[in-house]
Amino acid sequence: MKELSQKVIAAPKSKIRELFDLAAGRSDVISLGIGQPDFPTPLPAIQGNIGALKKNITTYAPTRGVPKLLELLEKKLEKINNIKLNWKDNIILCNGGSNAITLAFASIFNPGDELILSSPNFVSYFYCGSFFGVKIVEIERNLDFSPNIENIKASITNKTKAILINSPNNPTGYTLSKQELEEIVSIVLNHDLYLISDEAYENYIYEGLKHISPASLNGMFERTITLNAMSKLYSATGFRLGYVAANKEIINLMEKYLQYTIAGTNHAAQYGFIEALKMDNSFFDDILKSFDERRMFVYNRLNEIGFDVVKPLGAFYIMPSVKKFNMTGQAFSEKIIKEKGVAIVPGNIFGSFSDFLLRISYATDLEKLKVAMDRIESFIKEL
Ligand SMILES: Cc1ncc(COP(=O)(O)O)c(C=O)c1O
């Protein structure tokens, strides 16, 4: 048989899924691996979806998405993100935030182009890059996970096409300050680059910080590709709905790419998204409070147990270091799931600079988090 696709062969199977396989069938395992919030999807979203199915909305949807939904997204982007655009030209719906990433890569890159990102960072960027022949230039984050702006500047070559940011960030929880964002934006403008901004966690932001969308800043709309999804805000990862906001030319290319790859997204689910967008975002206030409580609990406990750890200001992840325990994140993760039944993702899947880190998700109820932290403490004591 002839050789299969080298690019796909070279990408490892998801380590997160592997971890869940290790935990499968073990009722004692507490998972701190999950990237899915634990609250139920708001009822209007579910009813909207069911209502559409009952009306036999089971045909292909328009490739860019149902117009009513795009109109509501236009309003949301204007009100929440301060991005002024026109839904007819500047928004496309897609199959989750993951597909939004694919669309960004498909529409701006040619093989050999370079994309700069801070590392550690979300795993899909690395493999999407390799599928499209893009060279990912990883710039190691500072110790507090802030971006190393000087090194970003120094890494620009004539092949650099774009910078990618993901704030609040998965896996570090780092949230860019206004000044850092402005510094990145000025690099983008000075070097005629694109900026890919993955805003999947825009609502998970603590300590009174405000999310800023770079596309709202002067001169940035035309060169920013804003990615977002229904998944995290509405705890609706299974709806598989995401969206991209960008300039007209880019959206036109994305539409073509979608036509020949997924031919539009789930039609009935879009009516669920419509109802979700009609809700007032205050439904999220108590949820955010509870995530904040979990964040501080996990951060304080990890400190107490003796980890070196940075307090995250966004998303629902925290990345402690295990270097002082003379172990890699991979070894720690394999050992603790076997011995104590706690599933934790090793840091090394998030790029080249995270071999001694772990990624802990605190999107789990506080009682479980308490037990998990006690188990981690006893694991460390027994080392
Ligand atoms: C930063 C980031 N972007 C995109 C996604 C993909 O989201 P979705 O589940 O909507 O495909 C995730 C999922 O964990 C993520 O963490």
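Visitor: Leaving aside neighbours within four places in sequence, which residues is Asp 113 in contact with?
Guide: This is a predicted model, so treat what follows as computed. With those neighbours left out, Asp 113 is in contact with Ile 108, Gly 133, Val 134, Lys 135, Lys 159 and Lys 161.

Visitor: Where does Asp 113 lie?
Guide: In the loop between helix H6 (96-108) and strand S3. Strand S3 covers residues 114-119.

Visitor: Is Asp 113 buried or exposed?
Guide: Buried. Its relative accessible area is 11%, and the cut-off for buried is under 20%.

Visitor: What polar contact joins the side chains of Asp 113 and Lys 161?
Guide: One of 2.7 Å. The Asp 113 side chain also has a polar atom 2.7 Å from the backbone nitrogen of Asn 110.

Visitor: On to strand S5. Why is it described as largely enclosed?
Guide: Because six of its seven residues, 160-166, are buried.

Visitor: Which way do S3 and S5 pair, parallel or antiparallel?
Guide: Parallel, over four bridges.

Visitor: Where does the chain cross between S5 and S6?
Guide: Through helix H9, residues 178-190. This β-α-β crossover is right-handed.

Visitor: What lines the largest cavity?
Guide: The lining has 16 residues. Nearest the centre are Ser 118, Arg 141, Ile 165, Asn 166 and Leu 176.

Visitor: Which strand gives the most to that lining?
Guide: S5, with four residues. S3 and S5 each supply at least two.

Visitor: Last one, Ser 354. Where is it found?
Guide: In the loop between strand S11 (345-346) and strand S12 (358-361). Ser 354 counts as buried because its relative accessibility is 0%.

Visitor: What does the Ser 354 side chain reach?
Guide: The backbone oxygen of Gly 347, at 2.9 Å. Beyond its neighbours within four places in sequence, Ser 354 is in contact with Pro 120, Met 319, Gly 347 and Asn 348.

Note on methods: Residues numbered from 1 in each chain as written. Predicted model: local features only at pLDDT ≥ 70, side-chain atom pairs only at ≥ 80, totals over all residues. Heavy atoms only, no water. Buried < 20%, exposed > 50% of the residue type's maximum accessible area, 1.4 Å probe, protein only. Polar contact = N/O pair within 3.5 Å; in protein donor to acceptor, adjacent residues only side chain to side chain. Contact = heavy atoms within 4.5 Å. Pairing = 2+ DSSP bridges. Right-handed = clockwise from strand over helix to strand, strands pointing away. 1 Å grid on protein atoms, 1.4 Å probe; cavity = no way out; pocket = protein on both sides within 12 Å on 5 of 7 lines; lining within 4 Å.
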